[in-house]
Amino acid sequence: GRLAAGAVSGLAMNWGSRRGWYHCAFLPLICLETEHGGMALLGALDLLCLCVVGAGVCAAQLALPREDSASRDRPLALRGLLFNLGFGDYVEACFPFLNRDWPLDAATLVASALAGMICARKGARSMAYIPLPLAIALGDEPSALSQAAVVTFSLPFVVGVACNAIANHGGGQPNAAAKGDKSRSD
């Protein structure tokens, strides 16, 4: 029960924020949850499922850049990585990379569900909009938050590097293959 609810909550935070739910639903709920100055479960999910996931996606673009778009990708990825980890904001920086590679997009959703499970298991609460190390230190379950941060950063990072490696070695873009796009050259 609790783990499944956590997984659904993490997945909903990621998926819903891309569909306009963040400002109309999630942020008001986070404000209600923190109105007395405490940390919030939804705040932890905001941090992990949006900011840390986005940072992992952006870090992958820096670790192994896509050869055909590195000069365009690098500034956005660097800014996204620094802002997501340093200020707990700017999740939109990863969206072009998610739109480009469906396996990477799927990895962010899986990572978000796993973060939700980890937070739900321990009742971990924290907040976005502050640096990641501070958010973990101020959280009520730093160990669980650290574990969830490693998962939510690492899974999109590894899948993003793999997507770029495939594209750089003539494998085309994963999206092109999935959609039956004949325009790629092998």
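User: Which residues does Leu-47 touch, leaving out those up to four places away in sequence?
Analyst: This is a predicted model, and the contacts are computed from it. Contact here means heavy atoms within 4.5 Å. With residues up to four places away set aside, the partners of Leu-47 are Val-52, Ser-126, Met-127, Ala-128, Leu-132 and Ala-135.

User: How many residues are in the largest nonpolar core, and which element gives the largest share of this core?
Analyst: In soluble globular proteins, nonpolar side chains tend to be buried together. The largest nonpolar core here has 27 residues, and Leu-47 is among those with the most contacts inside it, as are Met-13, Tyr-22 and Cys-119. Two or more residues come from each of α2, α3, α6, α7 and α8. The largest share, 8 residues, comes from α3.

User: How many residues does the second, separate core have?
Analyst: This second core is separate, and its members include Val-57, Leu-81, Ala-93 and Leu-104. Its number of residues is 14.

User: What is the distance between the end C-alpha atoms of α8, and what span should its residues give?
Analyst: Helix α8 has 30 residues, and at 1.5 Å a residue these should span 44 Å. The expected span takes 1.5 Å times one less than the number of residues.

User: Is Met-117 buried, partly exposed or exposed?
Analyst: Met-117 is placed in helix α6. Leaving aside neighbours within four places in sequence, Met-117 is in contact with Leu-3, Gly-6 and Ala-7. A residue is buried under 20% relative accessible area and exposed over 50%. Because its relative accessibility is 29%, Met-117 counts as partly exposed.

User: Which residue meets Arg-18 in a salt bridge?
Analyst: A search of the whole structure finds 5 salt bridges. In one of them, the side chain of Arg-18 is joined at 2.4 Å, N to O. Arg-18 lies in the loop between α1 and α2 and its partner in helix α6, so the pair ties together parts that are 87 residues apart in sequence. The partner is Asp-105.

User: Are Asp-101 and Arg-66, which meet in a salt bridge, buried or exposed?
Analyst: Their side chains meet at 2.6 Å, N to O. The pair links distant parts of the chain, with Asp-101 in the loop between α5 and α6 and Arg-66 in the loop between α3 and α4. Relative accessibility is 0% for Asp-101 and 2% for Arg-66. Because buried means under 20%, Asp-101 counts as buried, and Arg-66 also counts as buried.

User: What accessible area does the nonpolar patch with Leu-82 have?
Analyst: Leu-82 is placed in helix α4. Leu-82 is partly exposed, with a relative accessible area of 49%. On the surface, Leu-82 forms the patch with Leu-78, Phe-83 and Phe-87. The accessible area of these residues together is about 380 Å².

Note on methods. Residues numbered from 1 in each chain as written. Predicted model: local features only at pLDDT ≥ 70, side-chain atom pairs only at ≥ 80, totals over all residues. Heavy atoms only, no water. Patch = residues over 30% accessible without salt bridge, like charges linked within 9 Å, V, L, I, M, F, W, Y side chains within 5 Å. Areas by Shrake-Rupley, 256 points an atom, 1.4 Å probe, with all protein chains shown as cover. Salt bridge = Lys/Arg side-chain N within 4 Å of Asp/Glu carboxyl O. Helix = DSSP H or I, 4+ residues; strand = E, 2+ residues; numbered from the N terminus. Buried < 20%, exposed > 50% of the residue type's maximum accessible area, 1.4 Å probe, protein only. Core = buried A, V, L, I, M, F, W, Y, C linked by side-chain atoms within 4.5 Å.
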